[in-house]
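Please have the sequence and the model at hand while reading.

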Amino acid sequence: MAGGEGDVKLLGLRLSPFVARVRIALDTKGVRYEYVEEDLAAKSSLLLASNPVHRKVPVLIHAGRPVCESLVILHYVDEAWPGARERAAARFWAAYVDGELFPAWGRVMMAATEEERAERAGEAAGMVARLEEAFAGCSDGGDAVGYLDLVLGSNLFWFEAPRRLLGVRLIDKGRTPLLAAWAVRFGEAAAANGMVTDALVDMAVEHAKKLRAAAMAAGK
């Protein structure tokens with residue numbers, strides 16, 4: 001359904017980068033919506049009815065019709081509330097962030113030894129370097145927030161965790177100056193206010209500590 005806003009509701013979880021990207025997209029478009037925080041340990045009847053297959057967030061409900069999966073929702077938002085035209089290349093690299101870069105972050109965090117961590121950090125750095133090469137043409141840059149900006153930017157508070165816990169920088173001013181400069185602009189963008197906060201970074205770091213501790217315990 002394209003056109004006016006109608007009744008818009010978003011079911012989400014504050015710590016989810018997939019939810020964050022949808023919230024930023026809606027804010028960028030100036031869409032008014034009701035945000036509903038979900039408890040994934042006690043999922044609401046609305047969530048279960050809206051996403052009966054995967055039963056997870058985010059779920060966008062527009063005029064009573066649910067749209068599931070963050071990338072699908074971003075496509076929907078762009079078509080329902082027209083804005084800047086997205087390029088196919090941006091969608092390719094957005095899928096790259098979700099399918100390869102974010103999992104690489106997880107492998108760095110879960111590394112059991114210094115040697116394994118260094119190897120995995122090198123792999124992640126290579127992925128970021130490839131993204132750096134493509135970023136100038138795919139990101140809107142400046143103050144505009146485009147499709148790729150949303151997908152990568154929604155992960156920024158998670159990328160801070162390996163820096164604080166392990167001293168591993170995934171986006172580094174020396175190696176990836178374009179991405180480093182963009183990360184500062186994105187964090188300051190009006191559309192991102194309240195989405196990438198120090199408090200949220202602290203929550204992500206604490207959650208990462210728990211995941212890492214659980215992985216270490218399971219490996220003993």
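The structure is a predicted model. Four of its strands make up an open sheet with mixed pairing, and their order is β2-β1-β3-β4. Strands β2 (34–37) and β4 (65–68) lie at the edges, each pairing on one side only. On average, neighbouring strands of the sheet are turned by 20° against each other, direction ignored. In general, strands of a sheet pair through backbone hydrogen bonds, in either a parallel or an antiparallel manner. Here, strand β1 (residues 8–12) and β2 run parallel and are joined by four bridges. Within this pair, K9 has E34 of β2 as its bridge partner.

| Helix | Residues | Lies across | Angle |
|---|---|---|---|
| α1 | 17–29 | β1, β2 and β3 (59–62) | about 155° to β1 |
| α3 | 70–80 | β3 and β4 | about 125° to β4 |

The description now turns to the core. The largest nonpolar core contains 68 residues, and the members that touch the most others are L60, W81 and L152. Helix α4 (residues 88–109) supplies the largest share of this core, with 11 residues. Domain 1 (8–80) and domain 2 (88–219) each contribute at least three residues to the core.

Which residues does L152 contact, leaving aside its neighbours within four places in sequence? L152 is in contact with V97, L101, L131, F135, F159, L179 and W182.

Terms used: Residues are numbered from 1 along each chain as its sequence is written. This is a predicted model: local features need pLDDT of at least 70, side-chain atom pairs count only at pLDDT 80 or more; totals for chains, interfaces and linings use all residues. Side-chain values use heavy atoms; hydrogens and water are left out. A nonpolar core is a set of buried Ala, Val, Leu, Ile, Met, Phe, Trp, Tyr and Cys residues joined through side-chain atoms within 4.5 Å. Buried means under 20% relative accessible area, exposed over 50%, partly exposed in between (1.4 Å probe, protein chains only). Helices (H or I, at least four residues) and strands (E, at least two) are DSSP runs, numbered from the N terminus. Domain bounds come from an automatic or database domain assignment. Contact means heavy atoms within 4.5 Å. Two strands pair if DSSP finds at least two bridges between them. Axes are lines fitted to C-alpha atoms, for helices over the stretch in contact, and angles run from 0 to 180 degrees between N-to-C directions.
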